[in-house]
Each structure stands twice: as C-alpha cells, then as structure tokens.
Amino acid sequence: MSQNLLKTPIEYLKGVGPKLGALLKSELGIFNYEDLLHFFPHRYVDKSKYYKINELTSTSTEVQIIGKVTQFREVKQKRGSRLVVQFEDDSGTIELVWFKGIKWIKERLKINEPVVVSGKPSLFSRKLTISHPDIETLEKHRAQKLSPLQPVYPLTEKLTSRNINQKYYKKLFVNLFTQLKDTRFEEVFSEAITKQFKLLTKKEALFNLHFPKDINKLNQAQYTLKFEELFYLQLAMLVKKLVRMHKYKSYPFENVGDYFNQFYKEQLPFELTKAQKRVLKEIRNDLGRPVQMNRLLQGDVGSGKTIVALMAVLIALDNGFQATLMAPTEILAIQHFNSIKELVEPLGVNIKLLTGSTTKKNRTVLHEELENGSLHILVGTHAIIEDKVLFKNLGLVIIDEQHRFGVAQRAKVYKKNVFPPHVLVMTATPIPRTLAMSLYGDLDVSVIDELPAGRKSIKTVHKRDANRLGVFGFIREEIKKGRQVYIVYPLIQESEKLDFKDLMDGYESISRSFPLPEYKISIVHGKMKPADKDFEMNRFVKGETQIMVATTVIEVGVNVPNASVMVIESAERFGLSQLHQLRGRVGRGAEQSYCILMTKDQLSDDGKLRIETLCKTNDGFEIAEVDLKLRGPGDIMGTQQSGILNLKMADIAKDTKIMEYARYAAQKLLEEDPNFTKEENKNIRIKFEELQRSKLSWSRIS
C-alpha cells in the first residue's frame, strides 16, 4: 500500500474540505485516509428486511417500512417548529417527525406516493414515532441495488448538527475506495499465516467491512481484522516474556532444605489438594532457575493460595534469602501476619509486620534486623515500598490482590535488590482465560481450581424486601447455634452520602430487631478511624459480637471460620465478582454456610442475570466469564489496566477462539523467527515496531 497516499490529510478527500476536515479530526480522531479506512461501523442494518407498522416497538432497532404519506403539518414550538407526517401501511399508522430541514423535506413529500422509510422508532409525547428518518421513493430504493447489509457508523451531536449523517459517511467511503482502487495494499501477514488461518487480503477485508457483499464476506472481513488485532496483542505479550527471560536474571534457589521439609512434615495443618501440589511444583521449577519468576497465582476464595505462597517463602529461606508479602489493606496484612506467624514460629523463623500503624520504636528494630538479615519474612502494606525499608538480600516478593497496587508501586519493591527478586502475585478474583491471556499474557499463570476437602458448598438464596422478617428469623436460629453473621451494605463512591445513610439506617433497624444484651453488634465502614475499625473487626473475630454490619471493607481477606451467614443488602447494586468475593467471607469452617441476596422487587435484566448466576454456581471462573460478558474487560480490571484493551474490532469476551488462533500464530512465529529476520515476516516486524512506538499500554507485573 502506498504509505504516502494513506497519510494524505483527510481534508483533501473529495466531499470533505478544511471545515469538515477539522470537525472529523476533533470529533472522531480522523486525520488522514488511513484513519478513515480504520473508522469501523458499530453495527449493520439488514436492508433486505421490511417491517409492518404494527410490529414496531420503542425497543426496535433501525427498521424499514414500505407505505405512503397521507398528510403532514407544521407545529409551532417555543423554539422554531417541527414537521409531523402521518405515514401508513396496510397494518396501521405512525408519525414521522423532523425538527430540522423542514422546508427541504416539505418540498419533496408527495401524498399517497409509495415510499420507503428507514429509522429507529422511539416514544415522543407517549406516541411511537420515527424522528428524522431517511425517506425515498420505492422506485428509487429498488433501483439502487444496495448490499443487503448497510453499515451504521458512530455519530456525535456536533456532527449531526453539521448534516453529517450515514449518507455522508457512505459518500466518503465511496470516494475513498475510488481513489484507492489502483493502490496495492501491503499485506500484514506472510502467505503461510494468511493461508493457514483462512484470512482475507487486507484490501478485501477493509472493503467488505465498509461495503459487505453478503453476511459471509462480512464475517470473513471481521474475522481477519480481529485476528490481526489479537495477533499483535499476543505478540507484544510474548516478546515481553522472552525479553524478561533473557534480561531479568535472578537468584536460582537450588536447595529445598530444613525450613521447607520440617514445615511439610510437622507443621502443615492439612493435606494439600492435588491442585495445590501441582501449583507448588510449577513455582519450585521457576525458583530453581537463574531467571526471575513472574507468576500469577489465581485461586477462588478459600482455595489455599496463602499456604502455597508460604511454602515458596520457605524455599527462599532455605537458600539464605529474605521474603516479603505485601497486602492492600492493614486488616488483610495483619491477618496474613497472624496466620503465617503461628505456622512458622516453631521453625525458628523471624517474621515481623510493617504497616502505617507500626510504632517508631518497632520500626527502628525492624529496619535494623532487615538490613543485617536476621529478619526472614516481612509482611506489610504499602509501607514496605518506602525508600528507607532496605533488605539485606530480598529473594522473593509476594503480592496479594495485586490489581489493587499501581504498576509504579509494585516496581519499587522489585528494585530492593541488585538482581530483581522472584515475584509471585496472587488474586482471589478469578480471571477468565481470555482476559488472563490479554492482560497477563507475558506471565506464567497457575490456577488452584480445587477447594480443600471437607469444605461445604455455600447455599445462596435470593430474597426480596417482603421476606425480611423470615430472613431475620433465620439469622436468630443461626446465632442460637453459636454462629456469626455478616450484613453488608453497598458503598459506591458517587453516592457516598446516600450509601452511608443506608448503612446507618440498616444498623439502627438491626439493633432494634436484635436487642442487647442477647445480641451484640459490630459496625465497620470506611469513614471510621483505622484503630476503631480494627477494634470492631477484632471483636467480631474473637466472637465477642454475633453480627457484623459493614460496607465492602470486609470484601477481601477477613477470615472468621465461625461466620456462617452473609446477608448482602441491595445486592443488585454490586458487580457479580464483588458479590462472589463477599460470599467468600463465609464457608470457611466445617458448618453449612449461607449467602442471602436481598434486592428490591423490580430488577433489570442484567440484575436478574447476576443474581441467578450467583444462586446457580459457586464456581468463580464461571462467574467471571458471565461478569466479563456483562461488564467488559475494562470495568473488571479497573481503569488502570484497561488501556491495554483499546481494541477496535475484537471483543475478548466473545472472540475466545480467534484469540487462541492468534496466540498460537504468534508463538509459532517467535519459535521459528524470534528476531523477524525472514523476508516473509518483514511486514509483521514493521507493523509491530510501529505499534510499539505508539506505545499501547501493555500491562506489566514487574
């Protein structure tokens, strides 16, 4: 493809000019011919299908109707006027409305002439109408011989006000492809890849996206362009992984010695599951090599990730290195510290905790022991990344719930040694396979997909406000058995005041329903001072209170085996993964546990699907797949991670198979030609370097 022609400024295309060119640049980011080529339709209208007026609803997408205009009138408004047209077919009548271009429309309307109207029905003044439809004579419509599939491109209010519409877009693309008709398009892929994965040529793919001959050609065009996007996404991940393996050297942990063996034989509190053993073997293999481990450990709530991480720590200690475990909150850091300390103290391991609340006196001792190497394990929060926290020989970094830390924060921990330490990041948020391949394709991923023996599945039920008395009765029965209960309220940033009121109103209502001295209640929310929060949390952990009323601060990490009931108020306001995380706070003991989802009576379709999914399954990965389809990858991973997925064509929730093909193709290419030196891969190298320069924000753990 002639790069010069493609880089032609958009204002030089016939039908654009300086003024509209400036608008296309500011509104759509279209600066040149190449940008316009890659300005893709967001949907297609099937022009082979016609509707009857009595079939239409306000939820119908764009429709075509054959009928006639029977009358029209101009109606004065506060500002200007509107044109109201009575349109009918043999099934009924509907109003067509124009607010602009009235004079031009009136001149072209003919009573009782057969016409085709196309547009989107909507409610206007409680009547079903079509605003600003396209209208043309039936004769002209049939003479056009249009492709049955007509692309629909995104529009903005500013563009519409300047009469830029779908017809204008069509003219632009006709002019563009006319100008490019004799231009040879450079192929992105080698002939071998094109043939193996049944791809169209670049020119054919782009043409059939804007002017699809039929549904098969459109599908082929979309498949080709999705494959291309996902191929470069995967290639970037795999190249980064190769670079890391060659560039980031680390210390090989060759010994599995006394700390590990004594713990395994004498201190291990339960038999490891097959999944834990498999994952531990993967980690041991990584640690034994002189290349930095960069592994993501996924496991559902309660699957036993921490014990696997601890055993990795003991391998570091057996090789004379220190280890650190960083958690996103003080509560979670304290919990990790307490549970690990209990397990390793009999081995003579020195372990300490560092958080924002650690006193100056304790910090002085801790810093000294870290630097002289007598402190083996440091557990803490963001406080660990402070410049004054220095290790003698840090060999392993473990990060819990890693998506809660920024990239820069994580990187600071990895620089606390000459060679970067081995890195294990853990998450209890199950990540669908396609999303893991996209966000963490440069990582090795381990999955603990099995719960420890003896764990009973949590029973999840959906109750509405009308069932509240019955729910309270059930809570009393569980408390009589000596169990404890969580009652969680939403806390969403945008409406913090409203949510806080919900929490306090709920607390007062529960206090009335469960009066002292028989029932004792803790309350925890984000507005409390850390010391007060910890005090209330500890009362519940020790069993001094039976009910914990809280916001989502208890979502991650709080471990109270005696808690058997989780009530989630306004459950429809939570995301699916968050509901699953909250449910995981119970079911940690041997007793049967329950999760009760309280909602209002009327739910949206998405709300119903979330609640039904949670009631149907306890499988975090199945839940994550549904969540990905509902919310999209950016929402699931948080805004800081979503830049990687600025995909124009591909949808990782739906295009799983294409993603797998693309990854396979990228892997094979790197195996056969890691430096892109073969002539057939020259264009791949050029495009890859171009993408790297434009700096797509590929995620990086270390």
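**Labels and what backs them**

Analyst: Let's start with Gln546: setting aside residues up to four places away in sequence, Gln546 touches Ile479, Gln484, Val485, Glu518, Tyr519, Lys520 and Phe540. Contact here means heavy atoms within 4.5 Å. This is a predicted model, where local features need pLDDT of at least 70, side-chain atom pairs count only at pLDDT 80 or more, and totals for chains, interfaces and linings use all residues. Residues are numbered from 1 along each chain as its sequence is written, and side-chain values use heavy atoms, with hydrogens and water left out.

User: Why does Gln546 count as buried?

Analyst: Buried means under 20% relative accessible area, with exposed over 50% and partly exposed in between (1.4 Å probe, protein chains only). Gln546 has 17% relative accessibility, so it counts as buried. Gln546 lies in the loop between helix H20 (530-541) and strand S20 (547-550). Helices (H or I, at least four residues) and strands (E, at least two) are DSSP runs, numbered from the N terminus.

User: What does the side chain of Gln546 reach?

Analyst: The backbone nitrogen of Lys520, at 2.6 Å. For a polar contact you want a pair of N or O atoms within 3.5 Å; within protein, one must be able to donate a hydrogen and the other to accept it, and residues adjacent in sequence count only if both atoms are side-chain atoms.

User: What makes Leu325 buried?

Analyst: Its relative accessibility is 5%, so Leu325 counts as buried. You'll find Leu325 in strand S11 (residues 322-326). Leaving aside neighbours within four places in sequence, its contacts are His336, Ile340, Leu378, Val379, Gly380, Ile384 and Ile398. Leu325 and Ile377 are 52 residues apart in sequence, yet 7.8 Å apart in space, C-alpha to C-alpha.

User: Why is H7 called roughly antiparallel to H9?

Analyst: Helix H7 (residues 166-180) and helix H9 (residues 202-210) pack at an angle of about 160°, with axes 11 Å apart. That angle makes H7 roughly antiparallel to H9. The labels go like this: under 35 degrees is roughly parallel, over 145 roughly antiparallel, 65 to 115 roughly perpendicular, and the rest oblique. Axes are lines fitted to C-alpha atoms, for helices over the stretch in contact, and angles run from 0 to 180 degrees between N-to-C directions. On the H7 side, Phe173, Phe177 and Leu180 make the contact, and on the H9 side Lys203, Leu206, Phe207 and His210 do.

User: And what makes H12 roughly parallel to H13?

Analyst: Helix H12 (residues 274-287) and helix H13 (residues 305-318) pack at about 30°, their axes 10 Å apart. So H12 is roughly parallel to H13. Gln276, Val279, Leu280, Ile283, Arg284 and Leu287 of H12 meet Ile307, Val308, Met311, Ala312 and Ile315 of H13.

User: How do you know that helix H21 is largely enclosed by the rest of the structure?

Analyst: In helix H21 (residues 576-583), 7 of the 8 residues are buried, so the helix is largely enclosed. The buried ones are Leu576, Ser577, Leu579, His580, Gln581, Leu582 and Arg583. H21 packs with helix H22 (residues 605-616) at about 35°, with axes 10 Å apart. There, Leu576, Leu579, His580 and Arg583 of H21 meet Arg610, Thr613 and Leu614 of H22.

User: How many helices and strands does the protein chain have?

Analyst: The count is 27 helices and 22 strands. Buried residues make up 52% of the 702 residues in the protein chain.
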